[in-house]
Amino acid sequence: MKYAMLPEQWEESIETLQGAGHELSELSDADFLIYNGDGSDFPLPLPENIKFVQIPSAGVDHLLDVMKETDAIWSTAGVFDNTVAESTIALLLAQLHAHRYVNDTFSSYEEVQDHKSYLHEDKTVAIIGAGGIGKRLITMLSGFGPRIIAVNRSGNAVPGADETYPISEVDKVWPEADYFVLIAPLTPQTHHMVNKNVFAQMPNHAVVVNVGRGPLISTEDLLAALDSGEIAGAALDVTEPEPLPDDHPLWKDPRVVITPHIANTRNSVRRHLGAHTAKVAAAFEAGEEIPTRVDPNAGY
């Protein structure tokens, strides 16, 4: 098949697609488009010859308005499972273990000892948004042995999880876990889904990890929950606002670990997007379902 890549040309992806028999072309002559922009420069109206659009991100909230202006199939990048799952474990373990002792954080060695906890000691991890990344995370967590609660859209059992709930019943989960991992897509329904009411339901030793989208958590309510001791800490790869201002209090809180939206990196996406897109193209040509197809109405 012929494809166009806009607005940037990613040589790593182009080389892989060429090896799979696909040809880089102009938009007017292409069968599909790989779009790696932010939406502001998307080529509307999209030519009718473009049958599907591949994007290099897992989230689509920044492109929903554009998607609804086209008739093409849209596909997200199914290349985040390993990287985001590994980064999630790194964030959680950093929050539990990598404390900057005393001085500008904890006031004493004894306070550090009181704060520290271990993932393997009869803990429960709740994964909110247990799709492809969540399933891979469950596999990686299995070596630590925690009980795992999965929350997804359908409530259908997730392999490796001890319990699965539909997102409509997520309120049953907040009191039941020690650590919460947010990987849900950002939609009107999930915006600030973790707020003061939710923090109040969590155990006071809870840790919240956000590798999804910053606005899944109300930052104001997170600060209040930390200050009041309603939860023990947070580990954030995404924030609201993003980036956080230099003087934001989350930077100074010893119970918070922050990374700058690098659970997956652009370099990693460039290395793997070509192979993923080749699989999507093969499924499309065969008339098969595209597993990373977006439902613009659902928002993911």
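**View 1. Helix α7 and its buried residues.** In helix α7 (residues 219–228), the buried residues are Thr219, Asp221, Leu222, Leu223, Ala225 and Leu226. Buried means under 20% relative accessible area, with a 1.4 Å probe and protein chains only. This is a predicted model: local features need pLDDT of at least 70, side-chain atom pairs count only at pLDDT 80 or more, and totals for chains, interfaces and linings use all residues. Residues are numbered from 1 along each chain as its sequence is written, and side-chain values use heavy atoms, leaving out hydrogens and water. Helices (H or I, at least four residues) and strands (E, at least two) are DSSP runs, numbered from the N terminus. The cover over the buried residues of α7 includes α6 (196–201), β11 (233–236), α8 (249–252) and β12 (256–258). Glycine 229 follows α7, and its phi is positive, near 80 degrees.

View 2. A cavity is a set of points on a 1 Å grid, over the protein atoms alone, where a 1.4 Å probe fits but cannot get out; lining residues have an atom within 4 Å of a point. Grid points are joined across faces, edges and corners, and a volume is the space filled by probe spheres set on the points. The count is one cavity of 30 Å³ or more. The largest cavity has a volume of about 40 Å³. Its lining includes Asn210, Thr219, Leu222 and Glu240.

**View 3. The five-strand sheet.** Five strands form an open sheet, with parallel pairing, in the order β2-β1-β3-β4-β5. β2 (23–24) and β5 (73–75) are the edges; each has a single partner strand, so one side of each has no neighbour in the sheet. Two strands pair if DSSP finds at least two bridges between them. Strand β3 (residues 32–35) pairs with strand β4 (residues 52–54) in the parallel sense over three bridges. Isoleucine 34 has glutamine 54 in β4 as its bridge partner. Helix α1 (residues 11–19) packs on this sheet and touches β1 (2–6), β2 and β3. Touching means contact, with heavy atoms within 4.5 Å.

**View 4. The seven-strand sheet.** Seven strands make an open sheet, paired in parallel, in the order β8-β7-β6-β9-β10-β11-β12. At the edges stand β8 (163–166) and β12, each with a single partner strand, so one side of each lacks a neighbour in the sheet. Strand β7 (residues 147–152) pairs with β8 in the parallel sense over four bridges. Isoleucine 149 stands opposite glutamate 163 in β8. Helix α5 (residues 132–141) packs on the sheet, touching β6 (124–128), β7 and β9 (179–182).

Methods
On a 1 Å grid over the protein atoms alone, a cavity is a set of points where a 1.4 Å probe fits but cannot get out, and a pocket is an open set with protein on both sides within 12 Å along at least five of seven lines; lining residues have an atom within 4 Å of a point. Axes are lines fitted to C-alpha atoms, for helices over the stretch in contact, and angles run from 0 to 180 degrees between N-to-C directions. Buried means under 20% relative accessible area, exposed over 50%, partly exposed in between (1.4 Å probe, protein chains only).
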